Amino acid sequence: MPQAFPPNSNAFAKWLLIGGGVFFVLLITVMAFFARTSNNAVGVPVSQPVTFQHNLHAGQLGLDCRYCHTSVEVEASANIPPTETCMTCHSQIRVGDPALAAVQASWDNGTPIEWNRVHDLADYVYFNHSAHVNSGVGCSTCHGAVDEMGGMWKNESLTMGWCLECHRAPEEYLRPRSEVFNQDYVAPANQTELGLALVEAYHVNTEKLPQCSTCHR
Amino acid sequence: MTPRRFKARTLAFAALALTLVLSGCGRNMYDQPRAEALESSRFFADGAASQALPEGVISRERGSIDPSYFSGMGDAGFATELPFELTEEVLVRGQERYNIYCSMCHNYDGSGGGVVVQKGFVPPASFHEQRLLDSGVGYFYNAITNGFGRMYSYASRIPVEDRWAIAAYVKAMQLSQNATVDDIPEEVLENLRSTAGEVR
């Protein structure tokens with residue numbers, strides 16, 4: 001019976017195994033790198049053209065989130081405030097401060113400040129701030145203790161698994177609407193009981209919530 | 001099959017597989033070529049994805065609404081009446097919006113010593129001055145819409161209906177700070193008297 005494989009196929013098979021193994025490890029490394037760095041920098045402050053401090057404005061001064069993020073209750077995007085909002089106070093307070101030079105320049109030239117994006121969901125995910133805020137999802141549930149943050153960073157991974165934690169059991173996270181913007185809110189001991197009542201009251205569709213097409217539309 | 005042909009075919013297949021696998025590594029589905037709110041865009045000359053409305057643009061429904069609803073001005077100066085019915089919801093909404101947008105300067109009681117004033121902003125007048133007690137609701141609506149003195153306009157931040165609600169709340173706040181026992185309705189007073197003991 002003739003040989004089915006030529007003698008050199010032994011070497012070929014060996015190198016294919018080694019090469020395949022190396023390639024597989026490399027692929028996993030690259031994928032893990034992309035998954036962890038650019039999209040998943042949890043807790044890593046993003047550098048900005050202006051060293052805006054949430055802990056001073058929202059913490060110490062106690063400004064409501066909505067003073068600057070005016071559209072969060074009515075639009076998908078919780079807007080970054082225009083320079084006009086900064087200048088409402090800073091036309092009078094700390095005028096000429098070097099830390100505010102970029103704000104003043106933006107105001108004088110009419111060009112927007114180019115803030116670096118902190119939260120960037122994949123474009124195949126539909127997300128709407130107003131839908132969450134009006135259903136009793138508190139700011140700090142996703143964004144953390146912003147009123148204590150000097151810089152700004154992602155507080156949560158924003159991965160699909162993380163989203164589903166709430167979409168599968170919203171009653172564990174919802175608050176009364178009146179507490180959504182309260183940064184000091186602490187969930188009560190009877191959260192599940194309260195949450196179930198809120199799911200009912202705010203018409204949260206728990207059947208639809210964990211389905212693919214809710215976010216991937 | 002000769003050994004040489006076998007090797008060439010396998011290599012070609014491996015190269016094709018590698019190309020297909022690697023082509024899945026792009027992020028072009030993650031960042032699709034669409035404009036997102038407030039992002040930069042190469043489509044418009046000024047580089048912004050979110051464009052301001054062209055000057056003079058008004059909404060379709062605005063044409064059929066009385067212009068005084070947007071200006072706060074009646075035939076004889078500032079309007080003295082709300083353009084819609086005053087309900088408890090309007091006042092509660094006004095209170096909420098006042099606390100968000102106004103309290104940092106005007107303070108929660110309208111006295112004008114809010115937290116931003118404590119940081120060095122020129123103090124605004126107290127709402128409980130005689131001049132402002134005599135001012136109608138349209139006066140406050142107008143100040144929110146067009147700004148006043150060093151106060152910037154809030155027209156881009158507070159919708160028209162909310163501005164009226166805030167103005168109504170300011171008028172209510174004035175009443176509350178200058179009220180006497182006689183202003184309290186009889187049944188509320190009764191209730192207050194009966195619960196006063198319990199509270200203390």
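Modeller: A term to begin with: two residues are in contact if their C-beta atoms, placed from the backbone, lie within 7 Å. Keep in mind that this is a predicted model.

Biologist: Fine. How many residues of chain A are in contact with chain B?
Modeller: 22 residues of chain A are in contact with 23 residues of chain B. On the chain A side, H3 and H4 each supply at least two residues. H4(A) gives the largest share, 3 residues.

Biologist: What classes of residue are on that side of chain A?
Modeller: 11 are nonpolar, 7 are polar and 4 are charged.

Biologist: Back to H4(A). Which of its residues are buried?
Modeller: H4 of chain A covers residues 83–90, and A:Thr83, A:Cys86, A:Thr88 and A:Cys89 are buried there.

Biologist: What do those buried residues pack against?
Modeller: Two helices. One is H5 (101–109) of chain A, and the other is H5 (115–118) of chain B.

Biologist: New topic. Which residues touch the most other members of the largest nonpolar core?
Modeller: B:Phe140, B:Ile144, B:Ile166 and B:Ala167. That core has 42 residues. Helix H3 (65–68) of chain A gives two or more of them, and so do H3 (88–101), H4 (103–106), H7 (137–146) and H8 (160–177) of chain B.

Biologist: Which element gives the most?
Modeller: H8(B), with 8 residues.

Biologist: And what is B:Ile166 in contact with?
Modeller: Leaving aside neighbours within four places in sequence, B:Ile166 is in contact with B:Gly94, B:Arg97, B:Tyr98, B:Cys102 and B:Ile144.

How values were computed: Residues are numbered from 1 along each chain as its sequence is written. Chains are lettered from A and ligands numbered from 1 in the order in which they are written. This is a predicted model: local features need pLDDT of at least 70, side-chain atom pairs count only at pLDDT 80 or more; totals for chains, interfaces and linings use all residues. A residue is buried if 20 or more other C-beta atoms lie within 10 Å of its own, exposed if 12 or fewer, and partly exposed in between; C-beta atoms are placed from the backbone. Helices (H or I, at least four residues) and strands (E, at least two) are DSSP runs, numbered from the N terminus. A nonpolar core is a set of buried Ala, Val, Leu, Ile, Met, Phe, Trp, Tyr and Cys residues joined through C-beta atoms within 7 Å. Ala, Val, Leu, Ile, Met, Phe, Trp, Tyr, Cys and Pro count as nonpolar, Asp, Glu, Lys and Arg as charged, and the others, Gly among them, as polar.
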